Amino acid sequence: MANTIDLAILAAVPAEILPLSESLPSSGGFDIAGNLFTLHEYHGITVAIGTTGIGKVNAAATAACILTRFGPVEIWDVGCSGAYAEGALRIADVLITNEWIRGDEGVLVSSHATPAGNIGIPLLSRHGHDFFDRFSSHDFEPCRIALDPAPPGRYIPGYSGSIPATSPEEQTREDCFTVEHGPSLTVGMASGDPETARSRFFAHRAMAENMEGSAVAQTCLLLGAPFLECRGISNIAGIRDKSRWAFGKAIANCHSVIRHMLARHDG
C-alpha cells in the first residue's frame with residue numbers, strides 16, 4: 001500500500017485509462033473502494049491511476065476515498081465525452097474543462113428543468129461563497145503538477161505527449177486535433193437523441209457532456225484538493241450509433257495531452 005501520492009488520475013472505466021497506465025512503469029498497486037489503482041513514478045512524481053466506475057456517485061465516492069486516504073492530493077479526471085453539435089468541438093478533439101455544470105439537479109416542471117439555485121439551498125459553501133449549479137476552475141486550489149495545462153490550439157498527438165502544431169502544414173495534418181478550454185455538463189443520463197442534446201446545449205451552453213465530472217469537482221472543492229478534467233471527444237452527443245464514434249482516437253488524444261502536461265512538470 002502506498003503511503004503518499006502526488007497525483008491521482010481517474011477514469012470511469014478501464015478502456016478510458018488502461019492505455020495510459022500500461023504505458024508508464026509501474027511500482028505496485030492498491031485498492032480504493034473496490035477499484036484497483038496502479039502506482040507509477042513519472043517525472044519525479046508519484047502517480048496513482050485507476051477507475052471509479054460509471055456515474056456521479058461512483059466517481060465522487062472513489063475520489064473522496066482517495067482524498068481521505070492521502071490528503072488533498074491533485075486529482076485529474078480523464079476519459080471520453082460527447083460534444084454538442086452546435087458547439088466548437090469535433091470528434092477526436094480534447095476538452096480541458098474550466099467550468100463544471102450540474103445538469104440534473106434543480107426543479108423540474110412540465111416543459112423544462114430549472115437550475116438548482118431556484119431551490120435556494122447551496123450544494124456547499126466554501127470561503128464565504130455559496131455554490132449552486134456550477135463550479136469554476138478558479139474555485140479550486142492551484143494544480144501544482146499541471147502548472148500550465150495545454151493551451152487552446154491545434155496539436156499533433158505523440159506517444160510521449162502532444163506537440164503544438166505551429167505551421168500551416170502541421171495544422172492541416174490528418175491526425176491533428178484541437179484542444180479547447182471550456183464548460184462541460186455532467187448528467188446522469190446521456191443524451192439519447194439529437195433533440196435532447198440540442199436542448200441541453202441551448203439550456204447550459206456547455207461544450208460537451210459526461211457522467212462524472214462535476215461530481216468529482218464538487219468532492220475536490222469540498223475537501224480542498226486541486227482538480228483538473230481532460231476528456232477526448234468520442235462522439236457527438238445524442239448520436240448513439242457507435243459505428244459513428246471514435247472512442248479509441250479520442251482516448252489516445254486525451255492521453256497524449258495528459259502526457260504533455262506530465263512531461264512539462266519539472267518536479
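Helix α5 buries Gly213, Ser214, Ala215, Val216, Ala217, Thr219, Cys220 and Leu221. That makes eight buried residues out of the eleven in α5, which spans residues 213-223, so the helix is largely enclosed by the rest of the structure. Just past the end of α5 comes Gly224, with a positive phi of about 75°. Keep in mind throughout that this is a predicted model.

The largest pocket has a volume of about 550 Å³. It is lined by 23 residues, and those closest to its centre are Gly103, His112, Ala113, Thr114 and His204. Which elements each supply at least two residues of this lining? They are β6 (94-102), β7, β8 and α4 (194-204). Helix α4 gives the most, with five residues.

Now follow the charges. The structure holds twelve salt bridges. One of them pairs Asp104 with Lys56, and their closest N and O atoms are 2.8 Å apart. Asp104 sits in the loop between β6 and β7, while Lys56 belongs to helix α2 (residues 56-70), so the bridge ties together parts that are 48 residues apart in sequence. Asp104 has 36% relative accessibility and therefore counts as partly exposed.

A second bridge joins the side chains of Arg102 and Glu105, at 3.5 Å from N to O. Are its two partners buried or exposed? Arg102 is buried, because its relative accessible area is 9%, under the 20% cut-off. Glu105 is partly exposed, because its relative accessible area is 31%. Through shared partners, salt bridges join Lys56, Arg102, Asp104 and Glu105 into one network.

Another bridge links Arg231 and Glu229. The closest N and O atoms of this pair are 2.7 Å apart. Both Arg231 and Glu229 are buried.

The surface has features of its own. Val107, Val109, Ile119 and Ile121 make a nonpolar surface patch of about 340 Å². Where does Val109 lie? It is in the loop between β7 (106-108) and β8 (113-115). Val109 has a relative accessibility of 38%, so it counts as partly exposed.

A last stop is His43. This residue is found in the loop between β3 (35-42) and β4 (45-51). His43 is partly exposed, because its relative accessible area is 39%. How far apart are His43 and Ala263 in sequence and in space? They are 220 residues apart along the sequence, yet 6.6 Å apart in space, from C-alpha to C-alpha.

Methods
Residues numbered from 1 in each chain as written. Predicted model: local features only at pLDDT ≥ 70, side-chain atom pairs only at ≥ 80, totals over all residues. Heavy atoms only, no water. Buried < 20%, exposed > 50% of the residue type's maximum accessible area, 1.4 Å probe, protein only. Helix = DSSP H or I, 4+ residues; strand = E, 2+ residues; numbered from the N terminus. Patch = residues over 30% accessible without salt bridge, like charges linked within 9 Å, V, L, I, M, F, W, Y side chains within 5 Å. Areas by Shrake-Rupley, 256 points an atom, 1.4 Å probe, with all protein chains shown as cover. Salt bridge = Lys/Arg side-chain N within 4 Å of Asp/Glu carboxyl O. 1 Å grid on protein atoms, 1.4 Å probe; cavity = no way out; pocket = protein on both sides within 12 Å on 5 of 7 lines; lining within 4 Å. Points joined across faces, edges and corners; volume = space filled by probe spheres on them.
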